Amino acid sequence: MPVIAPMPTPRTTRIPSQREGTDTAAAGTTVDHLTETYRAHYRSLLGLAALLLDDTASCEDVVQEAFIRVHSARNRVRDPEKTLAYLRQTVVNLSRSALRRRILGLKLLSKPMPDMASAEEGAYDQLERDALIKAMRKLQRRQREVLVLRYFADMTEAQVAETLGISLGSVKAYGSRGIAALRVSMEASA
């Protein structure tokens, strides 16, 4: 279990109280008192965070952050007996903030991103795919084979030539004629 290491305490000097007629403020919570509070109440504060949050990692983060914040503001806690109450309130506030950030994140994720295709665009894409498939079926068998292997299977011209058992020049010729025929067919259907 992690422990907040106490900082070296400065020389303790007696600070007169207001009852003695001076205007100086009380010293606040000491590092030693905060360390003891940590040791004694870490698990109970973790349990408090667990009731507010849903995962252990977030609970531990919240409790650690609460101790860090109270440590940095320990001079404001005038009564050492109120340190635990201050810590509890800090855990509750940090848990609320964590939940707020999560809810905001979920809200942002649930909205469709502006670059997502609409249903209408999806329908147009489907129509274009159907037209392309129809145009591909009209091609000669070799042209269709070369185009499918070259562009859909992402093969090089040499790999297409080897797969079909034809020369590299034939692959280039069938490919260029096939693309030209597709272009004419797609423009005619548009």
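User: Is F152 buried or exposed in this model?

Analyst: A residue counts as exposed when its relative accessible area is over 50%. In this predicted model, F152 has a relative accessible area of 57% and is therefore exposed. F152 belongs to helix α5, which covers residues 141–152.

User: Which residues make a nonpolar surface patch with F152?

Analyst: A patch of this kind joins nonpolar side chains that lie within 5 Å and have over 30% relative accessible area. Here V148, Y151 and F152 make a nonpolar surface patch of about 330 Å².

User: How many salt bridges does a search of the whole structure find?

Analyst: Side chains of opposite charge can pair when their charged atoms come close. The cut-off applied is a side-chain nitrogen of Lys or Arg within 4 Å of a carboxyl oxygen of Asp or Glu. On that basis, a search of the whole structure finds six salt bridges.

User: Where do R39 and E36 lie, and how many residues apart are they?

Analyst: Both R39 and E36 are in helix α1, which comprises residues 31–52. They are three residues apart, about one turn of the helix. The two form a salt bridge in which the closest N and O atoms are 3.0 Å apart. As for accessibility, values between the buried and exposed limits count as partly exposed. R39 is therefore partly exposed at 46%, and E36 is likewise partly exposed at 44%.

User: Which parts of the chain does the pair of D54 and R102 link?

Analyst: The side chains of D54 and R102 meet in a salt bridge, with an N to O distance of 2.5 Å. This pair links distant parts of the chain: D54 is in the loop between α1 and α2 (56–72), whereas R102 is in helix α3 (residues 83–110), 48 residues apart. D54 is exposed, since its relative accessible area is 64%, while R102 is partly exposed at 28%.

User: With which residue does D55 form a salt bridge?

Analyst: D55 forms a salt bridge with R102, and the closest N and O atoms are 2.7 Å apart. This pair too links distant parts of the chain, with D55 in the loop between α1 and α2 and R102 in helix α3, 47 residues apart. D55 has a relative accessible area of 30% and so is partly exposed. Taken together, D54, D55 and R102 are linked in a network of salt bridges.

User: At what angle do α1 and α2 pack?

Analyst: Angles over 145 degrees count as roughly antiparallel. Helices α1 and α2 pack at an angle of about 150°, and their axes are 9 Å apart. The two helices are therefore roughly antiparallel to each other. The crossing in which α1 passes α2 is right-handed.

User: How many helices and strands does the chain have, and what share of its residues count as buried?

Analyst: The chain has seven helices and zero strands. From the N terminus on, its elements run α-α-α-α-α-α-α. Residues under 20% relative accessible area count as buried. Of the 190 residues of the chain, 26% fall into that class.

Key:
Residues numbered from 1 in each chain as written. Predicted model: local features only at pLDDT ≥ 70, side-chain atom pairs only at ≥ 80, totals over all residues. Heavy atoms only, no water. Patch = residues over 30% accessible without salt bridge, like charges linked within 9 Å, V, L, I, M, F, W, Y side chains within 5 Å. Areas by Shrake-Rupley, 256 points an atom, 1.4 Å probe, with all protein chains shown as cover. Helix = DSSP H or I, 4+ residues; strand = E, 2+ residues; numbered from the N terminus. Buried < 20%, exposed > 50% of the residue type's maximum accessible area, 1.4 Å probe, protein only. Axes fitted to C-alpha atoms, helices over the stretch in contact; angles between N-to-C directions. Parallel < 35°, antiparallel > 145°, perpendicular 65-115°, else oblique. Left-handed = near helix turned anticlockwise from the far one by under 90°.
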